[in-house]
Amino acid sequence: MGDSDGEDIKETPELPVEIIVYILSFLHASDRKEASLVCRSWYNASQDLRFQKNVTFCFPASASSLELVRGLGCKSRCSLVISQLDGFSMSRSLLLEVGLCLGSKLESLALPGSSITEASLLTLLPRLTSLRRLDLRGLDSLFMSGAFLSREEHRQQVRSALSGLEELDLSDLRYLSDLTFNRLTGCTPRLRRLSLAGCHIAFEFDPYRGCPVGAVEDSSALLSLRNLKRLLTEQKSTLVALDLSRTSITPESLRTIAQVQDLVLEELCLHGCKELTDYSVEALVKHQPSLQRLNISACTELTSRSVEAIAGGLKSLTHLSLSRDWRITEKGLADLLSVSSLRSLDLSECLHISGPEMVKGLTGSSAARARLETLSLKSCTYIRDLAVFSLTQLLGDTLCELDLTSCVNVTDLSVCAIATYLHRLVVLRLGWCKQVTDWGLLGMVETSKSEPDDETGDKGPRFTRTFGNMGFFKPPRLPFEERPKLVTQNDLEQFTQQPGASLLALNRLQELDLSACSKLTDSSITQVVRHPDLHRLSLSMLPEITDASLASVAWHCRSLISLALSHCPGISDRGLAQAAPYLHRLQHLYLSCCNNITDRSLFVLVQHCKRLRTLDISRCKNISVTTMDLLQSQLPFLENVHYKFIGHDGLSQRETYRL
């Protein structure tokens, strides 16, 4: 082939699909999805079986979903989350299509927010011969009549299909009873994981019959402890995970479950079980020493005695959540952090935690201390810079996720320590740390303050007469009320030349929360929020940032999936117009109370952000309802729209709108 000048044009040879697959194997899933749009050969390579593991397709029930299900029939295996199913013909047709096209290929099925009939599910289940996970949480319509799986022929068909089911989620079922529970679990003889979170379980007393639980066989009105114990006994050889969160389980009932002979649990979730005591945790640890994951968050009667029992008895523990256990103190944390297997610790809202005992537990030999990958200290208001500095040094080789949200005493020193030592960090949350300033993010030292009072220091309360002739004491200035010295252009030039540890050092960051750090300005956001792999960013309630920050973030962080800019008065149509062309992957955008956002921004979103699923424009007074309706018709994936009090008249009071 030649051109007009007579020169030969050589076509670039096409890479073998094996080479393309190898290249794509180095990419994150979201990047791989973008690369698949290059051409047909790259798309075919992205569909390689090695990339199809743990892929879940989520969609609402609609007429267009039928074609999607047929298209999935070419895959060797898949998982589905189908929402908003009901008892009408379209939902029945969709479930039938799932059974016909995906019956032997479906590994996981969840039906959240649905209200389907027993007949629809009984038509589908016998076809799902490869199903490993079934999620029926909240499907009260199935169990309300008590007749689900009441016929033996139906049970035989379902048992034949679900004999390999490993995970069953029955959370939040109001009408689950002994009878229906026995029928369903009788069809799933090899369960490994069972969730009954939020179910009405009678542990000691039957309120319907006015007698102790167990006096009546197989109740048709409630699920009893006796029946649950029978299941645990029957499936003790396979069952390793149990979720009884938000139930009224008592200390004696927990002990009864823990003492089931030959039952070896690896995971147990008891979130929000408010009747549990230290005695019950001690009994649990004694009889189930092989536990690897334990969630006893929001169990408000527990104290540090439980922590000591866990530290002494669970030597294989990897994940522990003590969130909102308000009575827990520092006592026992040193021993807990000496458990070498521990990888994740959640102490959020444990108000008495200050950090010294944690540091003490981590200062031992590397073989006898926890190698934490995830640490949450959210709302631990006694945590200060010294504790953060020590923890970052001790956990620098392992920590990937750190949550310091609402640690109000954390300052720039902590941010510098994080940037210096935690180079493996993937998730960092600093929301509501009001003492964090531009200097901390830039990794620089603030040498002076802008206010003259700061030169001499705060000398406590001062007497003043500012109201008539009456005297009032002027209270001492609180740290978070002080405005830091603004970063100048000379400071930024110094920043570009120094090797200091700014937030840029966290080059693996995928999630960053700086919401309500009200002292942050464009000076730091434009310089250090430059993470190409960043997926989630929150800059809400930063009154000093402007369109410059938004444009810079969009240019440098093109992998963003979620962006929060609520209550940022400096963000306007101009900034969104500059940012949107670089935010093609954006799925969730929060702009509530941004009064400089108008209808023009919505048209920009329609043009550039085709994948948008969630949009919050509530209390944006310059957006009209008419334009909002147009937006919904133009964005095919939009599911949730928050538009309360939009428009000048403020008459639109519609809350969340789900398409």
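I take buried to mean under 20% relative accessible area, exposed to mean over 50%, and partly exposed to lie in between, with a 1.4 Å probe and protein chains only. My entries concern a predicted model, in which local features need pLDDT of at least 70 and side-chain atom pairs count only at pLDDT 80 or more, while totals for chains, interfaces and linings use all residues. Residues are numbered from 1 along each chain as its sequence is written, and side-chain values use heavy atoms, with hydrogens and water left out.

H608 belongs to helix α24, residues 599–608, where helices (H or I, at least four residues) and strands (E, at least two) are DSSP runs numbered from the N terminus. Setting aside residues up to four places away in sequence, I noted that H608 touches A580, P581 and H584, contact being heavy atoms within 4.5 Å.

I then turned to L631 in helix α25, residues 625–634, which is buried with a relative accessible area of 1%. With residues up to four places away again not counted, L631 touches L602, V606, L615 and L638.

**Helix α10 and its cover**

In helix α10, residues 225–234, I found L225, N227, L228, L231 and L232 buried. They are on the same side of α10, because they cover an arc of only 165 degrees around the axis, the arc being that of the directions from the helix axis to the C-beta atoms. Among the elements that cover these buried residues I listed α9 (178–185), β6 (193–195) and α11 (251–258).

I looked at α9 against α10 and noted that their axes come within 10 Å and cross at roughly 10 degrees, axes being lines fitted to C-alpha atoms, for helices over the stretch in contact, with angles from 0 to 180 degrees between N-to-C directions. That makes α9 roughly parallel to α10, a term for angles under 35 degrees. The contact involves D178, F181, N182 and T185 of α9 together with R226, N227, R230 and L231 of α10.

**The nonpolar core**

Finally, I noted that the largest nonpolar core has 168 residues, and that L194, L196 and L336 have the most contacts inside it. Such a core is a set of buried Ala, Val, Leu, Ile, Met, Phe, Trp, Tyr and Cys residues joined through side-chain atoms within 4.5 Å.

Methods
Angles under 35 degrees count as roughly parallel, over 145 as roughly antiparallel, 65 to 115 as roughly perpendicular and the rest as oblique.
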